[in-house]
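Please consult the sequence and the model shown below.

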Amino acid sequence: MGTERPNSLRLRQRASLVSARGRQLASMIIQNKQTIDAFSEHRAYFTYWNLFLQLICLVVVMAIFDPAPLDYKTKEEHAQVYRADGIPISATKNVTGNIFYGPSNKVIIGLGGAYGPCMRRDEAVNLYIEEQRTTNSEFGCCVRPSGDYCFSSSEETCNALAGQRFYNNTICHGQHCCNSGTWPDCEKIPEENLSPSPEDDVCRCEITARPCCFGILGECAIKTKSECDFLDGFYQEDAVACEESIGWLRTGLIYTTSSVGGYTVATIISPYQVKGGPSPGVYGILACLYILLFESWQHVVHPKREVLKLIVITFIALLFGLLPFVDNFSQVAGFLFGIASAFAFLPWQSYTSKSFYRARKRIATFLGLVMCVSMGTEQTAPAVGDLIAMISSPTFVKMLISAWNQNILKIENNF
């Protein structure tokens with residue numbers, strides 16, 4: 001009996017301890033439930049809205065673009081297209097499937113999808129593009145013996161097509177076909193004034209192949225319209241040879257020069273106004289669009305319409321600069337520095353001899369650098385600032401309006 005009493009006592013103690021812990025646990029559960037019940041109810045409205053937008057984008061994309069094949073493999077497709085000399089050939093392209101029934105890789109990249117070569121420098125892609133540029137620099141005009149068609153190609157490609165004539169360092173319908181001026185901004189020789197010489201066939205022939213941009217690696221090659229359509233490429237109707245973009249380095253130089261120069265001049269005009277932001281650099285890039293448009297005037301389908309668009313965009317942007325706390329001086333100065341930087345850093349197109357191209361490029365670079373340095377010097381920057389301040393001042397605007405009204409009155413009095 002003596003040994004049973006301590007055991008029963010320990011059992012009762014354990015039972016009371018378990019009971020106390022149970023009551024404490026039950027109390028905590030009830031308290032937590034009451035706290036949870038007191039919370040406000042929230043809906044996942046952001047998630048709903050995000051899913052709705054994604055669904056709308058998916059429907060629009062699938063309505064505009066053809067879906068990729070429902071497959072996880074890359075397959076080859078074959079079709080009969082026409083070569084530049086009019087002979088039908090068999091063309092091949094690789095088609096990548098999409099197991100989720102969606103757009104192709106090209107469409108996804110074009111809509112802003114993450115793609116490494118578009119986000120950083122890729123050595124393999126750059127090597128491929130450099131090989132294309134080297135090949136394009138050796139292009140001439142390949143003309144059929146009868147002179148009825150022609151296209152740009154290398155001498156090796158032209159000789160591979162039996163019976164063709166190759167004219168080295170000659171662009172089809174290029175400088176040789178100009179009556180006056182420099183191609184492409186020149187007056188063409190009328191066809192009835194061309195001589196019967198075979199050398200003039202490069203001016204009277206019909207161009208059957210033009211630059212075609214296709215693929216997702218920056219491919220650009222001289223293709224016929226049928227082959228370019230088969231490759232799902234963009235056929236440049238008004239171009240003769242593949243063109244290059246200005247690249248990230250030139251863009252960075254123009255942006256930085258415009259930003260520094262714009263704020264330098266703006267600080268002289270309004271030294272007590274706090275300034276910041278990318279506006280001068282953005283206006284510098286906008287100025288480059290004007291220079292690029294004038295440089296490629298003959299290649300644009302409606303150049304006057306594009307100029308009008310740029311003028312409207314610039315005018316609206318400058319109107320926003322009249323709002324309080326917006327520094328319009330730095331924007332105008334950045335625009336001027338952008339023009340000067342464009343002359344210094346932009347690659348100029350070459351449609352004539354290489355010696356003329358080199359001379360033109362050196363002169364443009366020299367003038368652009370001189371303008372950038374001169375506008376940013378301690379002696380010249382105040383003068384540029386005073387000019388911008390004068391043009392932007394209300395007094396100058398009133399003076400222009402008054403002069404305009406006086407001229408209108410003189411015209412009316414004459415009648």
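In which sense do strand 4 and strand 8 pair, and over how many bridges? Strand 4 (residues 149–153) and strand 8 (residues 206–214) pair in the parallel sense, over three bridges. Strands pair here if DSSP finds at least two bridges between them.

The model is predicted, so that local features need pLDDT of at least 70 and side-chain atom pairs count only at pLDDT 80 or more, whereas totals for chains, interfaces and linings use all residues. Residues are numbered from 1 along each chain as its sequence is written, and side-chain values use heavy atoms, with hydrogens and water left out.

**Overall content.** The protein chain has 15 helices and 10 strands; these are DSSP runs numbered from the N terminus, with at least four residues of H or I for a helix and at least two of E for a strand. Of its 415 residues, 30% are buried, meaning under 20% relative accessible area with a 1.4 Å probe, protein chains only.

| Partner | Sense | Bridges | Residue pair |
|---|---|---|---|
| Strand 4 (residues 149–153) | parallel | three | F151 and A209 |

Strand 8 and strand 9 form a hairpin with four residues between them. In the turn, G215 has a positive phi of about 75°.

**Nonpolar cores.** A nonpolar core is a set of buried Ala, Val, Leu, Ile, Met, Phe, Trp, Tyr and Cys residues joined through side-chain atoms within 4.5 Å. The largest has 13 residues, of which C141, V143, C150, C172 and V202 touch the most other members. Strand 3 (140–143) and helix 7 (201–204) are the elements that give two or more residues to this core. Another core, of 10 residues, lies apart from it and includes F139, C142, C158 and A209. Leaving aside residues up to four places away in sequence, C172 touches C141, C142, C150, F151, S152, V202, I207 and V240, a contact being heavy atoms within 4.5 Å.

**Helix packing.** Two packed helices are described by the angle and the distance between their axes. The axes of helix 10 (residues 279–295) and helix 12 (residues 328–345) come within 7 Å and cross at roughly 45°. The two helices are therefore oblique to each other. Their crossing is right-handed. Residues meeting at this site include Y283, L286 and I291 in helix 10, and F335, I339 and F343 in helix 12.

Key: Buried < 20%, exposed > 50% of the residue type's maximum accessible area, 1.4 Å probe, protein only. Axes fitted to C-alpha atoms, helices over the stretch in contact; angles between N-to-C directions. Parallel < 35°, antiparallel > 145°, perpendicular 65-115°, else oblique. Left-handed = near helix turned anticlockwise from the far one by under 90°.
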